[in-house]
Amino acid sequence: MKQPLAYVHPEAQIADNVVIEPFVTIDKNVVIEEGTRIGSNVTILEGARIGKNCKIFPGAVISAIPQDLKFRGEKSIVVIGDNTTIRECATINRGTAAKGITKVGNNCLIMAYVHIAHDCEIGDNCIITNACQLAGEVVVDDFAIIGGMSAVHQFVHIGRHVMIQGGSLIGKDVPPYVKAGRLPLSYAGVNSIGLRRRGFVNEKINEIQDIFRILFQSGLNNSDAVERIEAEMPASKERDEIIMFVRNSKRGIMKGYMG
């Protein structure tokens, strides 16, 4: 399935049914699993681990060295999960000594011109829309959607089931289950449409809305709001996830609702 006009290093481990189109470059220490298709002019450099049934479109560059002046040539990798699509001219850099790995999960859509920097962790079923730029060590949890041309500051954590408006500047952590937009980035309600699509019932969505009313609309600071949520809201997986997210936030969470 390899084109004679492609270059594949003899030490690369490529499954038999991988499709490699013309003018592809695949370096040593690369693993590509079965069913994956590599479009023309894709460059896959040392340290890439690409899963099953992925689609990588022309011009993408996977596993280039980090754009980090502290990088000293240490061994590191990029891991791409199964069934993930990487569109034209996206760039995904490998890790540094900080974590050693940049990871994109299963069933993700990484659109054209997205940049995912060193040591980022992208969960499963995420959509990173056209021209988003993710700085180093960003964490994006499962089912998050980041709107086009958004810029994410290093070390930011974006929670599960989040929907972020296109063109956003994301400098603070975004808790799970919410919509975020405006400038500065602020709470814009619960991502109720996305949650319904993923099987959340109305009662659970209402519970999540009540939690965020306390966190973002009660006038309390984050610490006091979390204590009130813990005291007044019955324990649940979602409640505890939100509480732990806020308590563990290193950059602080985004602003509350702005009318």
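Tutor: A crossing is called left-handed if the near helix is turned anticlockwise from the far one by less than a right angle, and right-handed if clockwise. This is a predicted model, in which local features need pLDDT of at least 70, side-chain atom pairs count only at pLDDT 80 or more, and totals for chains, interfaces and linings use all residues. Residues are numbered from 1 along each chain as its sequence is written, and side-chain values use heavy atoms, with hydrogens and water left out.

Student: In which hand does α3 pass α4, and at what angle do these helices pack?

Tutor: Helices here are DSSP runs (H or I, at least four residues), numbered from the N terminus, and angles run from 0 to 180 degrees between N-to-C directions of axes fitted to C-alpha atoms over the stretch in contact. The crossing of α3 past α4 is left-handed; α3 (residues 222-232) and α4 (residues 237-248) pack at about 160°, their axes 11 Å apart. That makes α3 roughly antiparallel to α4, the term for angles over 145 degrees.

Student: Which residues of α3 and α4 meet?

Tutor: Contact means heavy atoms within 4.5 Å. From α3, Asn222, Val226, Ile229 and Glu230 meet Arg239, Ile243, Val246 and Arg247 of α4.

Student: Is Glu207 buried or exposed?

Tutor: Buried means under 20% relative accessible area, exposed over 50%, with partly exposed in between (1.4 Å probe, protein chains only). Glu207, which lies in α2 (residues 202-217), counts as buried because its relative accessibility is 15%. Leaving aside neighbours within four places in sequence, Glu207 is in contact with Met233, Ser236, Glu238 and Arg239.

How values were computed
Helices (H or I, at least four residues) and strands (E, at least two) are DSSP runs, numbered from the N terminus. Angles under 35 degrees count as roughly parallel, over 145 as roughly antiparallel, 65 to 115 as roughly perpendicular and the rest as oblique.
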